[in-house]
Amino acid sequence: MKNLSYLLFGLCLIDKSNLDFSLFTFHFSLKTSSLFTLFPYLCTNFQHKDMKEIVLSGIRPTGNLHLGNYYGAVQNFVKMQEDYNCYYFIADWHSLTTHPKPEDIQQSARTILAEYLACGIDPEKSTIYIQSDVPETIELYLYLNMNCYLGELERVTTFKEKARKQPNNVNAGLLTYPTLMAADILQHRAAKVPVGKDQEQNMEMARKCARRFNNIYGVEFFPEPQNFYFGDHAIKIPGLDGSGKMGKSEGNCIYLYEDAKSIEKKVKRAVTDSGPTEPNQEKPEVIQNLFTLMEIASSKETYDYFNEKWNDMSIRYGDMKKQLAEDIVKTLTPIRERILEYKSNQELLDKVAKMGAEKARESSAATLREVRKIIGFKVY
Ligand code: TRP
């Protein structure tokens, strides 16, 4: 019985993310066989109460965050902080495939960091870090690369696209982009990865990496990470140029740092048509896009009001755009103010990055210790 109370006490002290490894050690220090029988029960009970699922997502620092990133991803990252153990990181190594200038590297990462914080990602609740601050990732990347095959990496659509776009720079980093992404995810043994539809193939590779490692070494070590969509499908935020998706191309996109004037100007210029020609007509794509934006950015009453106007053919796009711009400005003004504040406080950004790096390294190092053991290396 004394043993059991030590055990329970020990379990309470264990850091959540390291639970599995610590249980492993405990397992061998136990002498009484009856305690072995109790183990599964203790483990599941403990997990139910205290263990939050691990969520991880990353973004490449190749520009500023825009409304598409906000409504499609970051807003949900903020919500997830309450219920999950979240890791959000800035994938600066991934951006090396296009050889950014050395003087831009740190600034680009700091920009996204400031924008993440301004959106409400809280460094006390989540682990926010910069990829290149966690060297453990590369060690896992190396191990995983040993189990990935040229053929399957070459078949990844994003690789094929990039190879087409930069035919003079089809480097091995581009080819092994999915393995680095798998290392990002598996180093924290994340269960859920909130990403867009365009990342599905990369996620499939991450699952393959997990599965293969487990199979090769006969272990159940890496969980297979699942894509996580908010709601029942991946949301796509339309662009302002009539195109299906808000991206970084000029004229299509509203950045979170933009002021009211520039937002109004952009929304005013959004592509429309000459108006409905019969009542209750189906909306052509460019108009549907405007309505989709309104559905996301405005209240339901506002949306219904303009929808009715469309249906009875009295709609004036100018009025609709004015309202839409106003509602976007309302959402973005406080975010913009916080972005400016954070960006002018490099000291704070450095502190947040350092804190995030420490937490991420701790989790990553724990995984790597086990991985080394499993592969057969010495662990010090
Ligand atoms: N490939 C992702 C993108 O381009 C960025 C990314 C890198 C990522 N590593 C990741 C996303 C790990 C989720 C998990 O959007």
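## Chain overview

Of the 380 residues in the chain, 34% are buried. A residue is buried if 20 or more other C-beta atoms lie within 10 Å of its own, exposed if 12 or fewer, and partly exposed in between, with C-beta atoms placed from the backbone. The model is predicted: local features need pLDDT of at least 70, side-chain atom pairs count only at pLDDT 80 or more, and totals for chains, interfaces and linings use all residues. Residues are numbered from 1 along each chain as its sequence is written.

The chain has 16 helices and 5 strands. These are DSSP runs numbered from the N terminus, with helices being H or I of at least four residues and strands E of at least two. Among contacts between residues at least 6 apart in sequence, 76% join residues at least 24 apart. Two residues are in contact if their C-beta atoms, placed from the backbone, lie within 7 Å.

## Helix H5

Helix H5 covers residues 102–119, 18 residues in total, and reaches 27 Å from its first C-alpha to its last, close to the 26 Å expected at 1.5 Å a residue. The expected span is 1.5 Å times one less than the number of residues. After H5 comes Gly120, with a positive phi near 115 degrees.

The buried residues of H5 are Ala109, Arg110, Thr111, Ile112, Leu113, Ala114, Glu115, Tyr116, Leu117 and Ala118. Their packing partners are strands E1 (54–59), E2 (85–90) and E3 (127–130), together with helices H4 (67–80), H15 (317–343) and H16 (346–375).

## Ligand shell

Around the ligand there are 14 residues, of which Ser57, Gly58, Ala91, Met181 and Asp184 come nearest. A residue is near a molecule or strand if its C-beta atom, placed from the backbone, lies within 6 Å of it. E1 supplies the largest share of the shell, 4 residues. Both E1 and helix H10 (177–186) contribute at least two residues each.

The shell divides into 7 nonpolar, 5 polar and 2 charged residues. Ala, Val, Leu, Ile, Met, Phe, Trp, Tyr, Cys and Pro count as nonpolar, Asp, Glu, Lys and Arg as charged, and the others, Gly among them, as polar.

## Packing of H12 and H15

Helix H12 (residues 260–268) packs on H15 at an angle of about 145 degrees, with the axes 9 Å apart. Axes are lines fitted to C-alpha atoms, for helices over the stretch in contact, and angles run from 0 to 180 degrees between N-to-C directions.

From H12, Ala260, Ile263, Glu264, Val267 and Lys268 meet Lys321, Leu324, Ala325, Ile328, Val329 and Leu332 of H15. The residues of this contact comprise 8 nonpolar, no polar and 3 charged.

## Individual residues

Most residues other than glycine have a negative phi. Arg189 has a positive phi, near 50 degrees, and sits in the loop between H10 and strand E4 (192–194). Arg189 counts as buried because it has 20 C-beta neighbours inside 10 Å. Asn280 also has a positive phi, near 55 degrees, and lies in the loop between H12 and helix H13 (285–297). Asn280 has 9 C-beta neighbours inside 10 Å and therefore counts as exposed.

Glu200 belongs to helix H11 (residues 200–217). Glu200 has 13 other C-beta atoms within 10 Å, so it is partly exposed. The C-alpha atoms of Glu200 and Asn227 are separated by 7.4 Å, with the two residues 27 apart along the chain.
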